[in-house]
Amino acid sequence: MNKKDLVQNIIMSNPTLTKKSVDEIVNSVFENMVEALSNGETVDIFGFGKFEVTERGERDGINPATKERIRIKASKNVKFRPSKSLKEKVN
């Protein structure tokens, strides 16, 4: 499912809503999540899961094309942990 499918599913379950309003709401939700994560906050959605920023330290690696040793810079990544109820529904 992509964002377009998500918007369409919401409209199908709530036919009184317009495509434009649903699209704005979905965009707003994602923008708020990105803003919170970029500020180092955790986004915890009850019954769905938790998004949090993790940091990876600088480390050594190997360029697979040249087999040359390289230094990989430290970076931040977003980790998702599904809630117990989401895990149960998927399994």
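This is a predicted model: local features need pLDDT of at least 70, side-chain atom pairs count only at pLDDT 80 or more; totals for chains, interfaces and linings use all residues.

Tutor: Residues are numbered from 1 along each chain as its sequence is written, and side-chain values use heavy atoms, with hydrogens and water left out.

Student: What is the strand order of the open sheet of 3 strands?

Tutor: Helices (H or I, at least four residues) and strands (E, at least two) are DSSP runs numbered from the N terminus, and two strands pair if DSSP finds at least two bridges between them. β1 (43-45) and β5 (75-82) stand at the edges with a single partner strand each, so one side of each has no neighbour in the sheet. The pairing is antiparallel, and the order is β1-β2-β5.

Student: Which residue of β2 stands opposite V43?

Tutor: β1 and strand β2 (residues 49-56) pair in the antiparallel sense over 3 bridges. The residue in β2 opposite V43 is F51.

Student: How many residues lie between β3 and β4 in their hairpin?

Tutor: Strand β3 (residues 59-62) and strand β4 (residues 69-72) run antiparallel and are joined by 4 bridges, with G61 opposite I70 in β4. In the turn, K67 has a positive phi of about 65°. The number of residues between the two strands is 6.

Student: Which element gives the most to the lining of the largest pocket?

Tutor: A pocket is found on a 1 Å grid over the protein atoms alone, as an open set of points where a 1.4 Å probe fits, with protein on both sides within 12 Å along at least five of seven lines; lining residues have an atom within 4 Å of a point. The largest pocket holds about 230 Å³ of space, the volume being the space filled by probe spheres set on the points, which are joined across faces, edges and corners. The elements giving two or more residues to its lining are α1 (3-13) and α2 (19-38). The element that gives the most, with 6 residues, is α2.

Student: How many nonpolar residues are in the lining of the largest pocket?

Tutor: Ala, Val, Leu, Ile, Met, Phe, Trp, Tyr, Cys and Pro count as nonpolar, Asp, Glu, Lys and Arg as charged, and the others, Gly among them, as polar. The lining includes L6, I10, F30, M33, I45 and F48. No polar and no charged residues occur in it, and the nonpolar count is 11.

Student: Is E52, which meets R81 in a salt bridge, buried or exposed?

Tutor: A salt bridge is a side-chain nitrogen of Lys or Arg within 4 Å of a carboxyl oxygen of Asp or Glu, and for E52 and R81 the N to O distance is 3.3 Å. E52 lies in strand β2 and R81 in strand β5, so the pair ties together parts 29 residues apart in sequence. Buried means under 20% relative accessible area, exposed over 50%, and partly exposed in between (1.4 Å probe, protein chains only). R81, at 44%, is partly exposed, whereas E52, at 16%, is buried.
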